[in-house]
Amino acid sequence: MTTDRDVVVVGAGIAGLTAARACAERGLRVVAHDALAPGGQLINLGALADWPGPPTTGPDLMGALLTDVMDRGVEIAYGEVTGIRANPLTVDAAEGPVTARAVVVATGRRPGRLDVPDADAWEGRGLSHCATCDGPLHAGREVVVVGDDEWTAREALELAGIAKRVTLVSAAPGWSAFSAGRLAEAVEVRVGAVSALEGDGTLGAVRLSDGEVLEASGVFVYTHADPRSELLDGLPADAPVWAAGDVTGADRTLLTAAADGLRAGLAVVARLEEE
């Protein structure tokens, strides 16, 4: 059977592009799809303190990676992928169905959410999910960050360089000792949960589960950032489809995503070379 591509990668963040690179290096025909633009979370990150090598920013790292994969022959496609079908393996992309010998799904996670009444109504009125994007709106003001993982710690530290005061609310802190030390110097950490958002038109305060009210012009939410795994549903167990990066539910770190993308890419190469 003739296929349109050897490998289709869905999601052009660091995991997806690392997988695409590994496949393209072996001469495979690879296309990487992204709904909007390549970059994933990287395009929203400032200085990358924990990335090996010289200091760099998220956009700089993504630009270098994107140039690298395109130089190796990876095609970048834009538009939503709505489904993956087996027998024959087909990706339903914006430009139409694309057949492939293998697929890597690297679609990441959804934005975080709060389990409080009418949380969605605060989107764009103080509730955010990106420190680099929206942090400057709160320069010199007080903000609250909600989450438990290493990514949350990174975002809180980013905001600490912008806001007057940052309070990190966490039910079960899961960041590294390295991040804990940095947080202790820049951020007030509270163990607990958020029970309500308050304000008149725009956010003015965050109420905690113990009843305390914190003044805040913004709340940055990273809890319940569920994997975007719908494309994997219903596929046969033996389908040549791999998941990589945050969509697997792994820890949200750049190194983890890159390593997982490389793992998936090498697994694809091994499978296709066997055929």
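Welcome! The model is predicted, so please keep its ground rules in mind: local features need pLDDT of at least 70, side-chain atom pairs count only at pLDDT 80 or more, and totals for chains, interfaces and linings use all residues. Residues are numbered from 1 along each chain as its sequence is written, and side-chain values use heavy atoms, with hydrogens and water left out.

- Helices (H or I, at least four residues) and strands (E, at least two) are DSSP runs, numbered from the N terminus.
- Strand β1 (residues 5–10) is largely enclosed by the rest of the structure, because 5 of its 6 residues are buried; buried means under 20% relative accessible area, exposed over 50%, and partly exposed in between (1.4 Å probe, protein chains only).
- Two strands pair if DSSP finds at least two bridges between them.
- β1 pairs with strand β6 (residues 96–105) in the parallel sense over 5 bridges, and Val8 stands opposite Val103 in β6.
- β1 is also joined to β2 by 4 bridges, again parallel, with Val7 opposite Val30 in β2.

**An open sheet**

- An open sheet is formed by 5 strands with parallel pairing, in the order β7-β14-β8-β9-β10.
- Its edge strands, β7 (127–128) and β10 (188–191), each pair on one side only.
- Strand β9 (residues 165–170) pairs with β10 in the parallel sense over 4 bridges, and Leu168 stands opposite Val189 in β10.

**Two hairpins**

- Strand β11 (residues 194–200) and strand β12 (residues 202–208) run antiparallel and are joined by 6 bridges; here Gly199 stands opposite Leu203 in β12.
- The hairpin of β11 and β12 has 1 residue between the strands, and Gly201 in the turn has a positive phi of about 90°.
- β12 is joined to strand β13 (residues 213–215) by 3 bridges, and these two run antiparallel; Val213 in β13 is the bridge partner of Arg207.
- The hairpin of β12 and β13 has 4 residues between the strands, with Gly211 in the turn at a positive phi of about 95°.

**Pocket and cavity**

- On a 1 Å grid over the protein atoms alone, a cavity is a set of points where a 1.4 Å probe fits but cannot get out, and a pocket is an open set with protein on both sides within 12 Å along at least five of seven lines; lining residues have an atom within 4 Å of a point.
- Grid points are joined across faces, edges and corners, and a volume is the space filled by probe spheres set on the points.
- The largest pocket has a volume of about 1100 Å³.
- Of the 44 residues that line the largest pocket, Gly40, Thr107, Gly108, Arg109 and Arg228 are the closest to its centre.
- The elements giving two or more residues to this lining are α1 (14–24), β2 (30–34) and α6 (254–274).
- The structure holds 1 cavity of 30 Å³ or more.
- The largest cavity is lined by Gln41, Asn44, Leu45, His129, Cys130, Trp151, Glu155 and Tyr222.

**Single residues**

- Leu28 lies in the loop between α1 and β2 and counts as buried, at 16% relative accessibility.
- The C-alpha atoms of Leu28 and Asp149 are separated by 36 Å, with the residues 121 apart along the chain.
- The charged end of Arg125 sits over the ring of Trp122, 4.5 Å from its centre; this requires NZ of Lys or CZ of Arg within 6 Å of the ring centre and within 35 degrees of the ring normal.
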